[in-house]
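Reader: I am new to this structure and would like a close look at one part of it. Please take me through the place where the two chains meet.

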Amino acid sequence: MFTAAAVAILITMVLAVTRAILGPTVYDRIVAVNMFGTKTVLIIAVVAFLKGRYDLLDIALAYALINFIGIVAVLKFFEYGEFSRGGRGRP
Amino acid sequence: MMETVLDILSWILILVGGSFGIIGGLGILRLPTFFTRIHAAGMTETMCAPPIVLAMMLQVGWSLVTFKLAAILLFLFLTSPTASHALAKAALHGGVDPMATRDPDNPEEPES
């Protein structure tokens, strides 16, 4: 059962990474990497069920948070050009 | 009896999640412009991840693992729309044309 889920998730990850390599703009690459990160969380959870090692779910939880923080940081860098400045004209 | 019902429900959820994931992957590869690709990516995050996590929750029964899976589901539900919104906003401020009226090979001239 979970083998089928793992195969579907891996196909999705291959398609997303193809878009990340092809993507004409940087935002295409970021959206593909974001999708790849979400699918990584899923496949860590599926591997935890396939192997019966349920402690891997903690890693999936941490990866979900790190993925979100990383995407927002990269987006802020490309929107403002640096990490330290706030939005809407604040110094 | 109960295990058979749970297995059938899990299979249905996994098939739904896997097919939506593959459809979203094809969409992110094949759709023409950036904002349509955001649609494909956001669809995989709301239609591929929750059915698969729900199938795992049905398989494992009531335990700490169920709570961890629920936490993963909650974080995915909170962070995926936020990330999609931030992506769309950053792309709009970064000069990606939402209506795709400009010719990508010749960005100065409107295609009309």
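**The interface of chain B and chain A**

Author: In this predicted model, 45 residues of chain B are in contact with 39 residues of chain A. The two chains bury about 3,700 Å² between them, and 81% of that area lies on carbon and sulfur atoms. On the side of chain B, Leu29(B), Met56(B) and Leu87(B) lose the most area to chain A, together 15% of what that side buries.

The rule finds two salt bridges across the interface of chain B and chain A. Arg37(B) forms a salt bridge with Asp28(A), where the closest N and O atoms are 2.6 Å apart.

Four elements of chain B give two or more residues to the side that touches chain A: α1 (2-30), α2 (34-47), α3 (49-60) and α4 (64-93). The most comes from α4(B), with 16 residues. By kind, the residues on this side of chain B divide into 28 nonpolar, 11 polar and six charged.

One residue can be followed in detail. Ser10(B) is found in helix α1 of chain B. With its neighbours within four places in sequence left aside, Ser10(B) is in contact with Met1(A) from the other chain, and with Ala55(B), Leu58(B) and Gln59(B) from its own. Ser10(B) counts as buried because its relative accessible area is 0%, and buried means under 20%.

Technical notes:
Residues are numbered from 1 along each chain as its sequence is written. Chains are lettered from A and ligands numbered from 1 in the order in which they are written. This is a predicted model: local features need pLDDT of at least 70, side-chain atom pairs count only at pLDDT 80 or more; totals for chains, interfaces and linings use all residues. Side-chain values use heavy atoms; hydrogens and water are left out. Contact means heavy atoms within 4.5 Å. Buried area is the accessible area (1.4 Å probe) that two parts lose on being put together, summed over both. A salt bridge is a side-chain nitrogen of Lys or Arg within 4 Å of a carboxyl oxygen of Asp or Glu. Ala, Val, Leu, Ile, Met, Phe, Trp, Tyr, Cys and Pro count as nonpolar, Asp, Glu, Lys and Arg as charged, and the others, Gly among them, as polar. Buried means under 20% relative accessible area, exposed over 50%, partly exposed in between (1.4 Å probe, protein chains only).
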